[in-house]
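Colleague: Could you take me through this model? I would like to ask about rings, a chain and a pocket.

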Amino acid sequence: MAGAAALLHWGGDRAARYEANAATREPVWVKWLIIGVALGFFGVALLLPLVTVFVEALRKGLETYRAALTDPDTLSAVRLTLFTAVIAVSLNLVFGVAAAWAIAKFDFRGKYFLTTLIDLPFSVSPVISGLIYVLVFGAQGWLGPWLAAHDIRIIFAVPGIVLATIFVTFPFVARELIPLMQAQGSEEEEAAMVLGANGWQIFSHVTLPNIKWGLIYGIVLCNARAMGEFGAVSVVSGHIRGETNTMPLHVEILYNEYQFAAAFAVASLLALLALVTLVVKSWVEVQARGTAREIQQEAL
Amino acid sequence: MSRKVSRRILPGFSLTLGCSIGYLSLIVLIPLSAVFLKTATLSWDQFWAVATSPRVVASYKLSFGASIAAALINAVFGLIFAWALVRYTFPGKRLVDALVDLPFALPTAVAGIALTAVYAGNGWIGRWAEALGIKIAFTPLGVLVALVFIGLPFVVRTVQPVLEDLDTELEEVSASLGANRWQTVRHVVLPVVAPALLTGFALAFARAVGEYGSVIFIAGNIPMVSEITPLLIITKLEQYDYTGATTIAAVMLVISFALLLSINGLQAWMARRSGRLA
């Protein structure tokens, strides 16, 4: 459900209109009281923790910060995180587009049920997301003996980390595209088909330009979660330094060893990633709004 | 809005549906079923003994109690927040609007250590709280703080679009019929926003129940006091008690699925209501 509230939304800012209308505005003191409470809560609950990450990271000075980030174990954690994210995002991208195509362009029985099943990973605790792969691939799991006999390691190794990450980021792209493609309908694709385009041409020349903002949005959110996942990966990783440590796990290890400055230094990289994600997300929203406006004007 | 295709005109139906169902089964359905199949090998007595042992029950109480409290706090502040974002112009609004999603984007482990630093005895807030005799970090209160952080965007982002779509005419009519502003908000606006608020509450609650990363650093993880249920699953796994871990996981999964169903029901209800109003 993590993305449930994070769907791309196309509305514009109409606050000024409300404030100009006597029937939809509050007394000035109420307005500033509400803004004050909102901003106060924002500052304490969201801004303060974010600022803390950077303050703590730089507490011991730039040299310690640089040393923490160039440590071989940190670099290997960065590499593993990037590797995992690339695989998880690409697989979930292909799946998301396929699922959205099937669900938005066709009618079939059980469609609603399928949509619910796609959302399932969001409602599962990250810890359980890791546990299920231990139950399948772990030493005492279903495939454990067979894997051991063939000397294949999945749990406490990189494949387990990748699988758990795929699971927790599974719905992001699909759930972004399904409502978008349903709202757009299939007339343009049908017209392309009448004009003789094949399936791939229809998708790449007609559908893709229409869904590109939703697609980028889904990829960005999926990537942020893939790089930041902690609980699920923690269960399957085994925490082997330099081998099965992703960045969030590395943060935990450093923190538990009381290397606070180093832990916050690595954490600051992840916080920067989060900020970049939010910037791209806001940029996509502005772009999508512009496109929506153009379409409306064309329709007029 | 959605124009459905009466016959399958476009290509790719079996390919895309086949791939989707295959991938879904391999990644999600088969591994998830492992929890229930493993639980099914236990006798009822074995299951019950683990699922209701005192330490596990204490963790349910903390996880569910703190999640409900956090979701309630989020519902109140989320509504105020969404109202400020939709109805008012103020400096820095676009920045604030973008940063509301921070808890979605910030890795939970980072949130966890940052919140601990803020609320620990030497932290920016913890220092003041301890001067007043309140310990936040490493107590159940710390769990609550982490869950409030995680849940805020769910309420704001569910309520915000509904407030934006609200027709000003309703309020104008109400005002012209002599209602004062508070009466209008109370009897005209809030009933329309209520389903969204409830959905946001349920989403925040569902997320909080399963949350792990942001909580474990600040909770202190004292058995019977500040140990959340997901952590107990990890503890059992580390002791190679797969049966115990799976049993607790099965209990949590059943509760999560029940929550998912009620949220879907709520959202369908919301869609019907907004359809009728539009």
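Colleague: How many aromatic pairs does the structure hold over all chains?

Modeller: The structure holds 24 aromatic pairs over all chains; rings of Phe, Tyr and Trp (its six-membered ring) pair if their centres lie within 6.5 Å, and planes under 30 degrees apart count as stacked, over 60 as edge-to-face and the rest as tilted. This is a predicted model, in which local features need pLDDT of at least 70, side-chain atom pairs count only at pLDDT 80 or more, and totals for chains, interfaces and linings use all residues. Residues are numbered from 1 along each chain as its sequence is written, chains are lettered from A and ligands numbered from 1 in the order in which they are written, and side-chain values use heavy atoms, without hydrogens and water.

Colleague: Why is the pair of B:Phe104 and B:Phe154 edge-to-face?

Modeller: The ring centres of B:Phe104 and B:Phe154 are 5.0 Å apart and the planes stand at 90°, so the pair is edge-to-face. This pair links distant parts of the chain, with B:Phe104 in helix 5 (residues 102-105) of chain B and B:Phe154 in helix 8 (residues 140-165) of chain B, 50 residues apart. Helices here are DSSP runs (H or I, at least four residues), as are strands (E, at least two), numbered from the N terminus.

Colleague: Is B:Phe154 buried or exposed?

Modeller: B:Phe154 counts as buried because its relative accessibility is 0%. Buried means under 20% relative accessible area, exposed over 50% and partly exposed in between (1.4 Å probe, protein chains only). B:Phe104, at 16%, also counts as buried.

Colleague: And which residues form one aromatic cluster?

Modeller: One cluster is formed by A:Phe230, A:Tyr255, A:Tyr258, A:Phe260, A:Phe264, B:Tyr212 and B:Phe217.

Colleague: Changing topic, what is the secondary structure of chain B?

Modeller: Chain B has 13 helices and zero strands. Of its 278 residues, 57% count as buried. The C-alpha trace of chain B spans about 70 × 65 × 35 Å along its principal axes.

Colleague: Which helix gives the most to the lining of the second largest pocket?

Modeller: Helix 12 of chain B does, with four residues. Helix 12 (231-237) and helix 13 (247-256) of chain A, and helix 11 (213-219) and helix 12 (229-238) of chain B, each supply at least two lining residues.
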